[in-house]
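Dear colleague,

Please find below the structure that I am handing over to you. My findings follow directly after it.

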Amino acid sequence: MSKHLVRQTKMQTFTEENYLKTIYHLSQYHDAPVQTNAIAEKMQTKAASVTDMMKKLADKQLVDYKKYQGVQLTTSGKSAAVNIVRKHRLWEVFLVEKLNFKWDEVHDIAEDLEHIQSADLVERLDEFLGFPKSDPHGDPIPDKSGNFIAVPFVKLNKLKAEDQGLIMGVSEHSSAFLKHLEKSGLTLGKKVKIMEINDFDGSIELNLEQKKINVSREVAKHILIKL
């Protein structure tokens with residue numbers, strides 16, 4: 001067993017890290033405890049399995065867990081989760097910028113690479129990449145202290161007719177979704193203007209750099225716009 005894996009065993013297992021990251025993502029936009037059912041749905045597992053893991057993480061003082069009330073990350077749990085997110089996003093930048101992967105190909109690979117425990121490797125990677133502030137999907141990258149600059153955004157489906165702005169990120173990272181955006185030309189940095197919103201199905205007619213396209217409500221709710 002490599003020294004990296006030995007260190008991992010003393011800290012958190014891969015599965016524990018995945019749970020911490022999931023709780024972090026689910027709790028990003030509100031302070032309320034995350035429900036075990038939400039974690040189970042996100043991780044595609046059984047609620048009973050989530051409960052067992054919450055007890056283990058609570059024993060390690062990584063979460064505050066109360067039965068029927070949900071779970072919250074402790075300070076150390078949040079620090080661990082942010083570190084995982086930092087590694088994941090740095091690896092995505094590396095894969096796209098240095099190895100020429102497409103933005104729809106990197107998520108699953110980064111899921112494996114994020115568990116590498118060498119802090120020196122991560123800091124050298126950050127420096128090698130020129131200290132990037134965001135990943136290929138527009139998500140902010142935390143610095144080594146866990147701080148990041150959050151860019152204010154509005155979901156495309158929340159805009160009104162005549163509103164306009166730049167595509168600065170996405171909240172859905174599946175390969176199928178990203179390929180759809182690529183095919184439609186809805187990529188980072190593109191300027192869009194709302195021309196018309198269909199009252200019946202919520203679909204949106206956009207002006208995308210002098211070209212008119214239609215976007216479904218389901219797609220629009222995952223596109224993040226900087227006004």
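The model is predicted, so local features need pLDDT of at least 70 and side-chain atom pairs count only at pLDDT 80 or more, while totals for chains, interfaces and linings use all residues. Residues are numbered from 1 along each chain as its sequence is written, and side-chain values use heavy atoms, with hydrogens and water left out.

Overall architecture

The protein contains nine helices and eight strands; these are DSSP runs numbered from the N terminus (helices: H or I, at least four residues; strands: E, at least two). Along the principal axes, its C-alpha atoms occupy a box of roughly 55 × 45 × 25 Å.

Of the 227 residues, 39% are buried (under 20% relative accessible area, with exposed meaning over 50% and partly exposed in between; 1.4 Å probe, protein chains only). Contact means heavy atoms within 4.5 Å. Among contacts with a separation of 6 or more, 62% join residues 24 or more positions apart.

As for charge, there are 33 positive and 32 negative side chains, and the centres of the two sets lie 2 Å apart. Lys and Arg count as positive and Asp and Glu as negative, whereas His and the chain ends are not counted; each charge is placed at NZ of Lys, CZ of Arg, CG of Asp or CD of Glu.

Individual residues

Arg89 belongs to helix α5 (residues 75-97) and counts as buried because its relative accessibility is 9%. Beyond residues up to four places away in sequence, Arg89 touches His25, Asp135, Asp139, Pro140 and Ile141.

Leu125 sits in helix α7 (residues 119-128) and is also buried, with a relative accessible area of 7%. Leaving aside neighbours within four places in sequence, Leu125 is in contact with Leu90, Trp91 and Phe94.

Asn207 is part of strand β6 (residues 204-208). The side chain of Asn207 reaches the backbone nitrogen of Gln210 at 2.9 Å. Residues up to four places away aside, Asn207 touches Lys191, Val192, Lys193 and Met195.

Yours sincerely

Key: A polar contact is a pair of N or O atoms within 3.5 Å; within protein, one must be able to donate a hydrogen and the other to accept it, and residues adjacent in sequence count only if both atoms are side-chain atoms.
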